[in-house]
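Welcome, and thanks for stopping by. Take a moment to look at the model below, and then we will walk through it together.

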Amino acid sequence: MRVPLAWLLEMVDWPGDAASLAEALTGRGVAVEAVERPGAGVVGIVAARITAVEPIAGSDHLKRCRLDAGPRGRAEVVSGAPNLAAGMVVPWAPPGASLPGGRRLEAQEFRGARSEGMACSADEIGLPGEHADGLLALPADIGPGDDLVAALELDDPVLVLELTPNYAAHCQSILGVAREVAALTGGALRLPPEPSPPNADLDATHVASVRISAPELCGRFVALQLAGVGTGPAPLRVQRRLAASGVRPRNAIVDATNYVMLEVGQPLHAYDLRDLRGGVIGARRAAAGEVIVTLDGQRRTLRADDLVIADGERAVGVAGVMGGENTEVHDDTREVLLEAAYFAPLGIARTARRLGLSTAASARFARGVDPARVRWAADRCAELIARWGGGGVSAEAGDAVTDSFPAAPPVVRLRGAHVRSLIGVKLTAAECGSYLTGLGFRVSADGVDRLRVLVPSWRGDVAEEIDLVEEVARAYGYDRIPEVLPGGAPGAPYRDPVAEAGEAAGAIARAAGYSEAVTSPLHAVGEWGRLRLPAGHDLRRAVQIQNPMTEDQRALRRMLVPGLLDALGYNARHRRVDAALYEVGRVFQPSGGEALPDEPRHFALAAAGTGAGYLAVKGVVEEVLERLGWVGEVGWERPAAGELPFLHPGRSAWVVGAGGTRLGWIGEVHPETAAAYGLVGAAAAAEVDLGPVAAGRPAGVRFAPWLRSPAVRRDLAIVLPEDVPAGEVAVVMRAAGGELLRDVRLFDVYMGEGIGAGRRSLAYTLVYQADRTLTDAEVDAAHDGVRRALAERLGAQLRS
Amino acid sequence: MDPLAIDWAALKDQAESELQAASSLQGVEEARVRWLGRSGRIALALRDVGRLPAAERPAAGAQGNEVRAEVEALVSERLSRLEAEALHARLAAETIDITLPGQRPQVGHAHPLHQVWRDLVRIFGELGFAVADGPEVETDWLNFGALNIPEGHPTRDAQDSFYVADGQLLRTQTSPVQIRAMQALAPALPVRVVAPGRVYRRDTTDATHSAVFHQIEGLLVDRGIAMSHMKGVIAEFARRLYGPETKIRVRPSYFPFTEPSGEVDVTCVFCHGAGCRICKGTGWIEIMGCGMVHPVVLKNGGYDPEEVSGFAWGMGIDRVAQLRYGIDDLRHFLQNDLRFLEQF
Ligand SMILES: [Zn+2]
């Protein structure tokens with residue numbers, strides 16, 4: 001909503017300037033986003049009559065014009081305008097005047113002819129119009145010497161409002177904003193003059209009646225018929241106000257409908273009566289698939305829940321949104337049918353949104369227009385058309401009202417105690433009443449500390465006591481409400497072990513050199529191809545977006561790692577090949593039924609480039625699991641073929657917790673998957689579900705004192721078939737070593753010469769210790785037990 | 001002089017000059033052996049004491065022992081002196097260029113969004129608000145209906161929300177957690193929670209729009225809660241986030257789930273109210289929306305609006321991070337460019 005200040009000040013006084021008004025309105029919730037000054041800099045433009053036009057020697061288009069500016073004297077200017085004629089009254093910018101934007105005029109010479117300033121076109125002084133049309137011919141009500149800056153409001157600032165939906169209902173008009181200003185200052189409102197009702201007796205009417213066949217969508221339909229409409233344009237000042245309000249001036253008829261809409265918020269539409277057929281006009285539901293060409297030349301296909309304006313034969317407009325091209329008013333229109341209506345706000349909002357057609361009319365109807373101004377606006381508009389066009393009479397063709405027209409405004413009760421307890425300020429009911437009165441509410445006492453409040457017709461947004469509390473709060477001023485910290489008990493205790501596990505995992509990952517990523521949970525279906533997931537693979541079972549805007553918003557992720565690989569690929573393309581990222585986030589698992597999807601929180605790692613490998617990632621995961629309490633209880637199981645197809649089949653594992661719970665997986669990324677993400681070298685990743693990880697976490701950490709007796713170290717090297725896992729060797733050693741064997745450390749793995757094909761050598765340090773000093777004999781016995789077990793149970797060949 | 005007499009003073013002088021002449025630890029050691037060793041000159045001289053007349057022996061012996069102690073002291077003084085010199089020389093030789101770059105450990109960086117997220121949760125935690133949580137795929141009842149956003153309301157437009165099933169969508173705001181938190185606690189009081197989380201809007205991604213972003217929502221419901229308390233909590237929060245000089249301004253606004261509603265501005269953190277490019281010359285920066293919980297929302301949460309009242313607020317975590325770090329393009333947050341991440 002754009003508010004030319006001069007128009008506003010016609011209805012209400014404001015003691016300060018535009019900036020102070022903007023600040024005061026914003027403080028009351030009518031947010032002024034900007035104060036524009038389209039005519040800033042314009043000074044000293046006056047009207048002058050051209051008394052003579054004379055040629056200038058040596059030029060075929062420049063002319064010398066003699067000007068008479070009445071009390072401002074006489075002068076000569078040189079002009080090349082195409083429409084110069086003696087007798088015209090034109091804008092004259094004398095030397096010392098300046099144009100919008102600040103260009104200052106001086107006396108100049110053109111081909112020996114003196115030009116004292118210049119005669120101006122419409123656009124040169126900031127009025128709507130084309131430069132090429134030539135000089136602006138001023139209308140008869142402006143005489144030579146008149147100050148055009150004042151008369152045409154050329155330097156008037158414009159307040160640009162950004163209205164919230166609740167204020168949009170009553171502040172989408174100059175009158176609505178003027179009411180807010182009056183409430184701020186306590187000043188009087190100067191309402192637009194009451195129009196006289198149409199009184200012409202037109203027998204030869206083309207339109208016999210008004211018919212509403214969708215009463216739930218149309219509450220009222222007023223049709224006035226205008227005949228003998230004159231041909232004049234709207235006054236220049238009106239045109240300037242329309243242009244400043246963001247509406248292009250057209251002709252007196254259209255300009256009058258727009259002017260009244262901006263003035264009081266009631267949209268109007270004018271039809272060329274020649275094109276209306278069948279002796280009837282009204283509102284009905286569109287037929288499904290019905291097509292109408294709107295004024296902007298677009299074909300619009302309608303649905304049965306759209307409302308149209310129709311004559312006896314066809315739709316002539318999309319109700320409350322835009323008129324039809326078939327009945328458009330033209331410059332030669334002399335007979336007009338003028339419509340003012342009340343439409344159900346939600347219906348207009350729905351149609352406008354669906355058509356993607358938000359117009360000045362739909363923006364107002366969708367918020368609910370003032371029911372008390374529907375008929376008023378029609379009469380006012382008819383009067384303005386007759387006045388501006390230069391003639392015409394009007395008659396009522398029909399005024400139909402249905403049940404959906406808002407009845408008398410509601411009466412709402414307000415308790416002073418309720419206001420005080422919600423605002424936190426000691427206000428009496430009487431004080432609340434005076435704030436409400438200032439906003440146009442009618443207030444009377446309703447017992448002690450209670451008010452009976454009659455809501456004004458233009459405040460359709462106010463229906464409950466809480467709405468009145470808000471009105472009192474903003475009239476009192478939010479800025480005057482004190483800042484008080486509430487007392488009371490603290491909130492309920494809260495722990496989120498899964499979030500805590502995520503924080504702990506993240507801290508370890510950062511210490512290990514991984515940076516935290518935040519990736520989008522939305523992805524394209526192409527992701528599944530990059531992950532080598534065959535059709536029917538469980539990980540393709542994803543929550544799907546029904547209405548994505550782009551292909552990369554098709555589905556919700558089941559895993560975090562693809563997002564991390566994508567980010568690693570992005571970094572690689574930007575010459576950052578060695579990179580390591582982690583993420584803690586939600587993944588989405590379809591519930592399979594009506595229930596909401598599961599949203600487990602995962603922790604994932606991915607690394608690319610130097611050093612990225614199975615063991616490097618595994619070490620971080622081990623560190624994380626140990627920190628979270630999983631000491632010595634985690635197993636690593638080779639995935640079955642096709643279970644994790646995006647991983648290297650020989651370098652990947654399920655991470656398995658106590659009781660066989662799968663906590664997640666780790667692995668090197670399959671070369672095809674890595675390549676699909678733009679990763680050339682090695683890449684490895686891991687992902688764990690923090691839910692079971694956190695659930696398995698023991699209650700807390702217990703301090704274990706270390707043994708003071710000496711530890712005895714014995715080294716051991718064995719040769720085994722290479723497919724015997726080191727994990728199994730460790731299990732055998734621990735079982736055989738019993739309590740004395742405190743630690744098993746693998747320090748060398750060797751395959752190659754001297755070992756034999758298909759075999760490998762593993763070298764360990766075994767640490768023996770007890771709560772007393774062990775004798776050599778005790779250690780020897782334990783160590784021999786380990787050696788025997790390795791030989792007997794695994795067939796290990798002992799090298800030392 | 002008695003031919004048998006021992007000239008202890010001369011011996012001492014000689015030992016002293018030899019020790020002074022020794023310029024290395026080895027030289028001192030050799031001198032020590034020569035003088036103090038088992039067959040060193042002082043030992044030999046002490047043996048000679050036995051040949052003295054009995055009457056002279058005690059004095060000569062005492063004198064000899066004295067000289068031996070003095071030479072021993074000389075040796076150790078000389079040793080420590082040379083050790084000190086050697087250490088000094090070694091340290092001097094070990095001098096390095098102290099402006100060489102340090103050997104940096106490879107340490108990961110926390111994402112700026114989560115740094116801000118943790119900060120906000122910490123501050124509200126200090127003010128007595130616990131974290132509450134809700135799903136990102138939400139029912140449209142909790143995302144809209146329960147929040148007093150009826151069918152047909154413009155913010156319900158399918159054009160603005162991602163739907164995953166009939167009646168299920170990606171939440172467009174963290175506000176549904178208000179209802180979940182109330183329903184979980186009702187009728188207990190107070191409800192004092194903050195809900196940070198990810199939200200989604202069906203929006204084209206560019207420098208200032210993102211389909212995926214982050215909000216933090218707060219809610220306090222108790223007996224006798226007023227707008228003054230809302231202003232008090234928000235002002236205290238703003239001071240803890242932006243510094244003790246920060247002031248807030250609350251302007252009336254509109255949200256379906258609060259009434260009265262407001263927009264909160266804080267004094268510009270860059271110019272402290274003087275006006276700058278960031279605050280577009282106003283001296284204020286808009287940081288959040290807030291309001292008194294609408295009676296309908298309280299009822300949907302399981303509370304009687306005649307008995308209790310409350311306030312709620314919501315703010316964009318991305319926006320706080322943008323302001324704090326001067327990030328002008330929202331797309332950086334989800335790009336995970338290490339040139340970006342490693343700055344935080
Ligand atoms: Zn600033």
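Which residues are linked with Glu483(A) in a network of salt bridges? The network joins Glu483(A) with Asp119(B), Arg122(B), Glu126(B), Glu236(B), Arg239(B), Arg240(B) and Arg324(B). A salt bridge here is a side-chain nitrogen of Lys or Arg within 4 Å of a carboxyl oxygen of Asp or Glu.

## How to read this report

This is a predicted model, in which local features need pLDDT of at least 70 and side-chain atom pairs count only at pLDDT 80 or more, while totals for chains, interfaces and linings use all residues. Residues are numbered from 1 along each chain as its sequence is written, chains are lettered from A and ligands numbered from 1 in the order in which they are written, and side-chain values use heavy atoms, with hydrogens and water left out.

## The two chains in outline

Let us begin with chain A. Chain A has 21 helices and 37 strands; these are DSSP runs numbered from the N terminus, with helices (H or I) of at least four residues and strands (E) of at least two. Its C-alpha trace spans about 130 × 85 × 55 Å along the principal axes. The radius of gyration of chain A is 42 Å, whereas a compact globule of 800 residues would have one near 28 Å. That radius is taken over C-alpha atoms, and the globule rule is 2.2 Å times the number of residues to the power 0.38. Of the 800 residues in chain A, 52% are buried, where buried means under 20% relative accessible area, exposed means over 50%, and partly exposed lies in between (1.4 Å probe, protein chains only).

Chain B contains 12 helices and 10 strands. Its radius of gyration is 42 Å, well over the 20 Å that the globule rule gives for 344 residues, so chain B is more spread out than a compact globule. The C-alpha trace of chain B spans about 130 × 45 × 45 Å along its principal axes, and buried residues account for 51% of its 344 residues.

## Salt bridges across the sequence

Side chains of opposite charge can pair when their charged atoms come close. Over all chains, the structure holds 75 salt bridges. One of them joins Arg237(A) to Glu153(A), with the closest N and O atoms 3.8 Å apart. Arg237(A) sits in helix α6 (residues 236–244) and Glu153(A) in the loop between α3 and β10 of chain A, so this pair ties together parts that are 84 residues apart in sequence. Arg237(A) is partly exposed at 38% relative accessible area, whereas Glu153(A) is buried at 8%.

Another pair is Glu465(A) with Arg415(A), whose closest N and O atoms are 2.8 Å apart. This pair links distant parts of the chain, 50 residues apart: Glu465(A) is in helix α13 (residues 465–476) and Arg415(A) in strand β22 (residues 411–415) of chain A. Glu465(A) is buried, with a relative accessible area of 16%, while Arg415(A) is partly exposed at 22%.

## A further pair in chain A

Arg532(A) and Glu672(A) also form a salt bridge, with 2.9 Å between the closest N and O atoms. Arg532(A) lies in the loop between α15 (526–530) and β27 (555–556), and Glu672(A) in helix α18 (residues 671–676), so the pair ties together parts of chain A that are 140 residues apart in sequence. Arg532(A) is partly exposed at 30% relative accessibility, and Glu672(A) is exposed at 52%.

## Helices and distances

In chain B, helix α10 (residues 317–325) has these buried residues: Ile317(B), Asp318(B), Val320(B), Ala321(B), Gln322(B) and Leu323(B). Just after α10(B) comes Gly326(B), with a positive phi of about 70°.

Leu36(B) belongs to helix α2 (residues 25–36) of chain B and counts as buried at 18% relative accessibility. Where does Leu36(B) stand relative to Val297(B)? Their C-alpha atoms are separated by 100 Å, and the two residues are 261 residues apart along the chain. In chain A, Gly438(A) is part of helix α12 (residues 429–438) and is partly exposed, with a relative accessible area of 38%. Gly438(A) and Ala119(A) are 319 residues apart in sequence and 48 Å apart in space, C-alpha to C-alpha.
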